[in-house]
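Student: Can we walk through this model together? I'd like to start with the strands and then move on to the rings.
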Amino acid sequence: SALYVLPLGLVESSCRSRIFWMKLNKLLLQGKFFQLEIYDPYSGPVLLDEKLASRCGYVLSEDVWGNPVFRASVLGCHVANEADELFSLTVNIKVSSFSSMRAAVIYTYPMYCSYTSWASREIVCEENYMEVSVKTDVPAVSNDYTVAWMSALPETQNVAYQQWQLMFVSPSGRKRITVSDAVKLGYSFNNTLSRVYLRAPYHSNESDVSMVSGVNMNVVTSTSMYRQRWLLLLIDTTVSCPVDGISFTDTTLAWTVPRVIPTLVVQESTFLSKSIVMGVDDQVIVNPEEKNYLLEHNETHIRITIPIGAEGGKLESSISGGVYGIIYSIDLFLEHTWTDAGWQTTKYTVIKSITTPFMPQIPTVINNTVPEERLFNVAFGHFLPDVSLVAIAVGNVPFSLREAQHHGFKIYETPFSNGTKAFILEVSFDDPYVLTEYVNRNETKYTLLVNYTLSVGPEMRLYYHSAEVECVIADIVLPEAVGYCDEENLYLTLPTFGLHHYWDLYLGNKLLNRHTALTNGYLAATNSTHLILQIPLFAGGVIYEEVSFQKIKARFDVALRKVRTMETLQLFSVSCSFNSSAFIICHPDGTIMVSAQMKTVPAIDMSKTKLRDSSCKPREYNEAHAFFKFHVTTCGTSVRFEGDHIIYENEISYEKETLPGQSIPTITRDPDYRLTVLCYYQAKETLVLGAFSSDPATSPPFGSGTMVPRSNTAAYRRVRQALNVVSRVSKDDSFMEFYGPNMAILKQPMEPVFLEVELKDESPSVELYLENCWVARSPDFNSTPKWNITVDGQVVLNVQCTH
């Protein structure tokens, strides 16, 4: 080791409340190890350790900023004292790059304190010791008085001659020991030119804890005794220091010290406060209110209240149980000077380092997005300066800060006036890691999922926080369709943007795709911007609003629906009137309309044309056309099955005239006229004609009920009244007498119900299969609850059925 010149700025020192106050700069010690030695001019360097510190009046700690702090009483060990006025102490600062302290650099730092304004009694309550100092320059006392004192105080009879002794009074009794024995118990006692002092550790065996005005005080009650010739000194060296008195709210910390301490003030009626001063670190605060500190006192208390985060203290970020929070620390001292009849002047100094408990702080995510800019702007805060952003994940894709900036995210910090900061993240709506969802009619919901990774506090612990920010803007234009017609077709033109991405086109409940278009005979063409749909007049899906003699008003509807929800947003319709001389229209309900054209030579009388049933004549006609309208169950219409189709067939023919009264047919010039009419229907269409419904007020099955004739079904079924089916409820198992329609039927539970379903059709290719029957509480086919009678043709309840 060698001695070196002290680097500039490494050490700051001061004298405050008769205490040497030294602070080391942590920045100049960064990455280094250090030790402090007290240099005694007679015995050399003494290494400072914890046990030595409390007995000798030293404190080694850190300030709230992490700078090493050393404090020493001017009455401490190894301090040079000149007439109780000038005090000096030399400290060796050893700095090494190694924990073993080898190759250490030693800086010698002498400190000097001048202190002349001693009070009669001075008490210092340090972090690790209590110290009382008492003035001893008393006038000489005659031997006669000494003898009288000694006879009055039995404890003094055995006081050793020319030797200080201590007597402690505690709940366990009285204990008189020599100074050398007191040192073994951790005490330090000595006298100077004009004073004696006692230094005591907290919570020793000889101490007691008593509550004063709600504050626990650690008390060492002692008398120091000295006898020499005719002089007997009995000095009260009692000391009492607070051990708690700290309280916290969400926004403040408070430190309370009793104003009057009974063990230190014998005659309370003569007590008078002279001054109360507070300080932070080693600096007196002259105007506490300027820093938002509150110093107040009443008859019982002195209280210092500090706002959490106030100047002079330090806010520090921390993590506890995965939760972000803050801790506030501040180093305070209090000087209270009072007088009383017993002691003239007492100066009472308390030094207190206060740290709040962990205070959770829930970070907030503030959405400052301006939709018109199509840019997410998200602020994440508020954080202290000791928090830094390490990484982010957007849409669960991780990025370092450099990768994020390179990708195109913008990340920066913004400060606030209270010393905190927030992290700003800007992400474009169109970034591939932003989630998009089509919502409502013409809006897009943009969702930014962010996971933040932060480094927190001096320990640089990692903290994770996730956020989800949404923005919905109307940035989608719903397509507008244009419709028109020519002589034989309807046309629909609409923009292709968004089709099959946001929307689909539907014809009824069928998706209008290439297969549907080909099946129905549509022609679809697309260019770079539009879809053009050509629908022939007689193609499937065309709705015939009006059909009359040689005129058809037709409509074609296409629904614009959302892709996933099937919600209809718009209905595009093309409606036109057509002049057509010949057509056949087969309606879903079984109605057939035919416009037949006369193409014979010579011409025939179109009014005399007929269907197979000769009573079925044209509704309208002229010289060249005849218009028929009939149902598939009338006019002699026949039916047959081919594959999955039902084909209804009829024939328009011309009745040739015969001369009346003659038995032999007359040869006429009338030509033959026959026109076959065919209509194709899907055989798998479902037809439901009736259902059995129970009274809603009756909970068991087979209560009262009514027959509800049906001519339609739920919306997803196409109804064809092509077959003549009748359902009835019989009064008994003879099936001879039936209930009328809409008649209430009262039945007891488990009493049979006789149901008949009859197919009135003579075609040999048609058969009746009773698939499902049920009882429900209302005429609605989809109502619940419902009780099945038959399922897939199998009887499951006690109902007798006949087909």
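Tutor: First, a definition: two strands pair if DSSP finds at least two bridges between them. Strands (E, at least two residues) and helices (H or I, at least four) are DSSP runs, numbered from the N terminus. The model is predicted: local features need pLDDT of at least 70, side-chain atom pairs count only at pLDDT 80 or more, and totals for chains, interfaces and linings use all residues. Residues are numbered from 1 along each chain as its sequence is written, and side-chain values use heavy atoms, with hydrogens and water left out.

Student: OK. In what order do the four strands of the open sheet run?
Tutor: E2-E3-E7-E6, with antiparallel pairing.

Student: Which strands stand at the edges?
Tutor: Strand E2 (11-16) and strand E6 (58-62). Each has a single partner strand, so one side of each lacks a neighbour in the sheet.

Student: How many bridges between E6 and E7?
Tutor: Five, in the antiparallel sense; E7 covers residues 68-73. Leu-60 stands opposite Phe-70 in E7.

Student: What does E29 pair with?
Tutor: Strand E11 (residues 121-125) pairs with E29 (residues 344-355) in the parallel sense, over five bridges. There, the bridge partner of Val-124 is Thr-349. Strand E28 (residues 323-340) runs antiparallel to E29, and twelve bridges join them. Leu-332 has Lys-352 in E29 as its bridge partner. E28 and E29 form a hairpin with three residues between them.

Student: Switching to rings. How many aromatic pairs are there?
Tutor: The structure holds 27. Rings of Phe, Tyr and Trp (its six-membered ring) pair if their centres lie within 6.5 Å; planes under 30 degrees apart count as stacked, over 60 as edge-to-face, the rest as tilted.

Student: Why is the pair of Phe-168 and Tyr-187 tilted?
Tutor: Their planes are at 35 degrees, with the centres 4.8 Å apart, so the pair is tilted. Phe-168 is in strand E13 (residues 165-170), and Tyr-187 is in the loop between helix H3 (179-184) and strand E15 (188-191).

Student: Are those two buried or exposed?
Tutor: Both Phe-168 and Tyr-187 are buried. Buried means under 20% relative accessible area, exposed over 50%, partly exposed in between (1.4 Å probe, protein chains only).

Student: What about Tyr-522 and Phe-556?
Tutor: The centres are 5.4 Å apart and the planes at 80 degrees, so Tyr-522 and Phe-556 are edge-to-face. Both are buried.

Student: Which residue lies over the face of Phe-98?
Tutor: Arg-102, at 3.7 Å from the ring centre.

Conventions
A charge sits over a ring if NZ of Lys or CZ of Arg is within 6 Å of the ring centre and within 35 degrees of the ring normal.
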